[in-house]
Amino acid sequence: MVGLLEIRRRKTQFALIASVFVLIAYLVMMINGLGIGLNQLAGSALLNMDADAFAYSSDAGRSVIRSELSQETVDSIQTAPGVDESAPLAYAAASYERSSGSISSAALIGYDPGTIAEPTVIDGRALTEDDQHGILADTTFLDESGLSIGDSLTVRLRLQAVELTIVGEIDEGAFFFQPAVYLLRSTLIDLKYGTALDGGGPVASVVLTQGDDTIRSGEGFELVDKQTAFDNIEGVAGQQSTVQALQGFGYIIGAMIVGVFFYVLTLQKIPQFGMLKALGASNRYIIGQLLIQVIVIAGIGIALSLPLAILTDRGLQSLPDSVPIAFTTSMFVTTCVALLVTALLGAIFSARQVLRVDPIIALGQQQ
Amino acid sequence: MTGLLEITNLTKTYGSGEQAVQAVRNISLTADGGEFIAVIGPSGSGKTTLLAMVGGLLTPTDGKITVSGRDIARLSSSQLAEFRRQSIGYVFQANNLLPYLTARENLLVMRAIGAGRGASKERADQLLNELGLEKRANAAATELSGGERQRVAIARALMNDPELVLVDEPTASLDSSRGKQVVELLIEETKARNKLAIMVTHDLDMAVKADRIFEMRDGVLSEHTG
């Protein structure tokens with residue numbers, strides 16, 4: 001009662017604290033959104049693949065870029081114990097020309113139609129085995145390139161230029177910080193290696209597998225689960241560490257700011273707390289009122305920061321070169337709960353001060 | 001003979017060894033409901049220390065204080081808080097109202113902190129009426145005059161229907177006319193409710209209105225007779 005009444009009667013004072021918390025909550029949400037956006041850019045296409053595990057060549061250090069599998073190794077993987085379904089996948093990075101004339105890069109992913117590696121088409125049609133020069137373009141690729149279904153683009157790889165036609169649109173995400181484009185594996189292997197190796201060279205970069213208990217190493221290959229595969233994408237580990245550090249600092253600073261504000265308020269109210277204790281208020285009651293104030297202020301701060309973050313995201317996405325920020329419901333929920341918890345932790349110092357208040361202060365005496 | 005309040009050989013010593021100071025020395029007193037007691041003495045005589053011990057705010061060094069047969073000197077801090085909440089009404093020297101609450105809300109703080117015995121909104125309004133504050137019930141504490149604030153403090157002290165009302169220098173921040181009104185009101189309200197009231201004051205003109213007058217000097221209590 002007393003805590004809530006004080007907020008209502010001292011609106012200006014508490015509004016100032018709440019406004020600072022709005023900024024802290026907004027900052028933490030933007031950092032979290034940046035973390036998710038960067039992860040999506042790094043390899044959402046990999047995370048969206050319909051696989052339990054990924055097989056790399058054993059000498060690749062779990063790098064899709066460096067992994068090269070022969071037909072023999074692919075066969076070994078596909079017949080390994082526990083593997084129910086599997087599909088070889090090829091990868092290459094290539095440059096292409098946007099409709100605006102500028103040069104950009106895309107992640108080319110080669111797959112076999114009818115396998116677990118085949119992406120889901122959301123517009124247009126799927127590739128068939130006859131579509132040697134057809135591609136499925138991810139939504140992000142179409143947005144960035146300015147192209148649409150039916151358009152052709154020139155892809156450059158290994159000093160060669162190849163014209164490919166967009167036949168369908170998919171929504172699988174990005175790979176290696178590049179928008180993804182899917183084409184027949186045979187086409188990509190030709191593009192990547194040419195005919196110089198005459199069928200004796202690599203036929204895939206990795207193999208996707210489905211099945212229980214497939215994680216193992218074999219002759220010339222290594223199987224890892226999907227999360228491990230994602231974590232080993234070049235740059236992801238460092239990026240995640242950076243984002244996590246920023247998140248951590250955001251929470252810590254938020255807790256400290258709330259803690260300092262309420263600590264100062266508590267110090268100012270020591271005579272009042274002493275008087276309340278003299279009247280017979282328990283420590284539990286006084287600290288309870290303090291925590292209610294923290295929850296209300298943090299709640300208001302979080303509630304106001306949410307639409308701010310959403311509006312900022314919409315604004316950023318409308319820019320020509322969109323910023324990699326993405327929000328999810330679970331991220332919002334987690335962030336809100338974490339901010340509330342850190343605010344309460346920040347109030348611990350105030351609670352300790354309340355415990356130390358001597359009610360004799362209310363009588364104006366010193367012991 | 002047992003009374004509502006019994007103080008036996010009460011002592012309070014600050015510090016130790018050569019630095020030790022006895023603020024209260026071996027005091028004994030028995031008092032009952034319906035009595036209005038004044039304790040006078042100069043500053044530093046120990047009268048507020050005595051009041052604080054009776055109100056469960058200070059632990060005695062030695063001796064016993066029983067209120068309705070309960071030895072409060074042996075209670076834990078949470079038990080003392082409960083004791084103050086249920087059995088003590090305090091009127092502080094500086095009234096100590098919460099400035100951001102109204103007159104009524106300052107009374108309802110007693111309900112909020114868990115004081116029982118009907119510390120309700122109805123009781124708050126009844127007390128405000130009796131003390132002539134019905135028109136000021138919704139005024140913020142900062143808008144009240146000094147005399148009004150003291151009356152609100154008196155009403156707050158009676159909200160939990162306490163056994164014991166302790167009053168610390170109620171006229172300190174008031175002019176003589178208002179001070180006289182406040183003391184007369186205190187006497188009227190506590191006697192009407194058969195409460196035992198102890199008022200600490202340095203003002204002899206106010207003290208003479210009490211049923212019993214004690215003088216405190218250098219920690220020693222003596223009763224004025226006649």
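Two residues are in contact if their C-beta atoms, placed from the backbone, lie within 7 Å. Helices (H or I, at least four residues) and strands (E, at least two) are DSSP runs, numbered from the N terminus.

The model is predicted: local features need pLDDT of at least 70, side-chain atom pairs count only at pLDDT 80 or more, and totals for chains, interfaces and linings use all residues. Residues are numbered from 1 along each chain as its sequence is written, while chains are lettered from A and ligands numbered from 1 in the order in which they are written.

Start with helix H5 (residues 146-159) of chain B. The end C-alpha atoms of H5(B) are 20 Å apart. A residue is buried if 20 or more other C-beta atoms lie within 10 Å of its own, exposed if 12 or fewer, and partly exposed in between, with C-beta atoms placed from the backbone. Twelve of the 14 residues of H5(B) are buried, so the rest of the structure largely encloses this helix. Among them are Glu148(B), Arg151(B), Ile154(B) and Met159(B). The buried residues pack against strands E6 (88-91) and E7 (164-168) and helices H3 (103-112), H4 (121-130) and H6 (176-192) of chain B. After H5(B) comes Asp161(B), with a positive phi near 50°.

Now turn to the sheet. Two strands pair if DSSP finds at least two bridges between them. In chain B, four strands form an open, antiparallel sheet in the order E2-E1-E4-E5. Strands E2 (21-31) and E5 (70-71) of chain B are the edges, each pairing on one side only. Helix H1 (residues 47-54) of chain B packs on this sheet and touches E1, E2 and strand E4 (62-67). Seven bridges join E1(B) (residues 5-14) to E2(B). Leu5(B) has Ala31(B) as its bridge partner in E2(B). Asn9(B) also lies in strand E1 of chain B. Asn9(B) is not a glycine, yet its phi is positive, about 50°. Asn9(B) is exposed, with 12 other C-beta atoms within 10 Å.

A hairpin comes next. Strands E9 (residues 212-217) and E10 (residues 220-224) of chain B pair antiparallel over five bridges. Ile213(B) stands opposite His224(B). Two residues separate the strands, and Asp218(B) takes a positive phi near 50°.

Chain A is divided into domain 1 (2-42 + 237-363) and domain 2 (53-213), with bounds from an automatic or database domain assignment. Their centres, taken over C-alpha atoms, are 46 Å apart.

Note on methods:
Axes are lines fitted to C-alpha atoms, for helices over the stretch in contact, and angles run from 0 to 180 degrees between N-to-C directions. The expected span of a helix is 1.5 Å times one less than its number of residues.
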